[in-house]
Amino acid sequence: MTRGLFISFEGIDGAGKSTHIDALAAALRARGRSVVLTREPGGTPLAEKLRALALNDPMDPLTEALLMFAARRDHLLQVIEPALARGDAVLCDRFTDATFAYQGAGRGFDLQVLAGLERWVQTVPAVDAPGIRQPDLTVWFDLAPAVAAQRLAGARVPDKFESQPQAFFARVAAGYGARAAADPGRFLRVDADQPREAVWRDVEAGLKQRGLLA
């Protein structure tokens with residue numbers, strides 16, 4: 001059976017992840033892969049309810065982080081792990097790196113507490129051996145906060161994260177950089193300040209270089 005593949009897509013709001021998730025899903029399906037498209041927070045009925053709370057209701061950073069990880073646990077058990085066990089490719093719009101970037105770097109919450117929650121929530125009975133579930137590859141769409149703000153202006157009614165000032169997104173972007181520096185083999189950094197076609201070419205080339213897109 002084909003081994004499951006788990007790819008997450010990360011970046012600040014406005015970086016343009018969604019378009020390229022759909023493009024990669026189409027490319028994988030064209031090559032005969034079964035693909036599961038999902039997102040965080042969310043991906044299950046319970047996690048979607050928690051998403052609505054986390055993205056809209058005021059709360060302190062610890063409550064926010066606990067909601068994110070509670071949603072993640074349900075998402076892992078109900079969607080991600082079964083799909084990987086079937087040999088599917090799971091493409092997820094955000095995963096744990098977002099929690100470290102937004103709640104950790106953006107909100108200034110204790111990274112050691114987040115690391116403990118990461119170990120606790122993401123330890124799963126994987127097919128090969130129990131361990132902390134992480135994506136096989138994280139595609140990080142790196143974009144300057146000022147450019148992201150221009151893209152988001154007037155696009156839709158912002159949630160409580162999208163309405164944060166640029167200084168918040170500068171901290172978030174730095175948080176993504178720190179995660180990538182700590183685990184460079186897992187990250188594919190893509191310059192998102194390019195035309196859409198050029199960004200996709202970089203994504204495609206990065207996956208081919210890693211043997212994930214024949």
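Here is a short tour, one selection at a time.

This is a predicted model: local features need pLDDT of at least 70, side-chain atom pairs count only at pLDDT 80 or more, and totals for chains, interfaces and linings use all residues. Residues are numbered from 1 along each chain as its sequence is written, and side-chain values use heavy atoms, leaving out hydrogens and water.

Stop 1: Ala15 is in the loop between β1 (5-10) and α1 (17-30); helices (H or I, at least four residues) and strands (E, at least two) are DSSP runs, numbered from the N terminus. Ala15 is buried, at 4% relative accessible area (buried means under 20%, with a 1.4 Å probe and protein chains only).

**Stop 2: Lys17.** Lys17 is buried at 9%. Not counting residues up to four places away in sequence, its contacts include Phe9, Asp93 and Phe141 (contact means heavy atoms within 4.5 Å).

**Stop 3: Phe9 and Phe141.** Show both rings: their centres are 6.1 Å apart and their planes are at 15°, so they are stacked (ring centres must lie within 6.5 Å to pair, and planes under 30 degrees apart count as stacked). Which strands hold them? Phe9 is in β1 and Phe141 in β6 (residues 137-142), so the pair ties together parts 132 residues apart in sequence. Phe9 is buried at 0%, and Phe141 is buried at 1%.

Notes. Buried < 20%, exposed > 50% of the residue type's maximum accessible area, 1.4 Å probe, protein only. Phe/Tyr/Trp six-rings, centres within 6.5 Å; stacked < 30°, edge-to-face > 60°.
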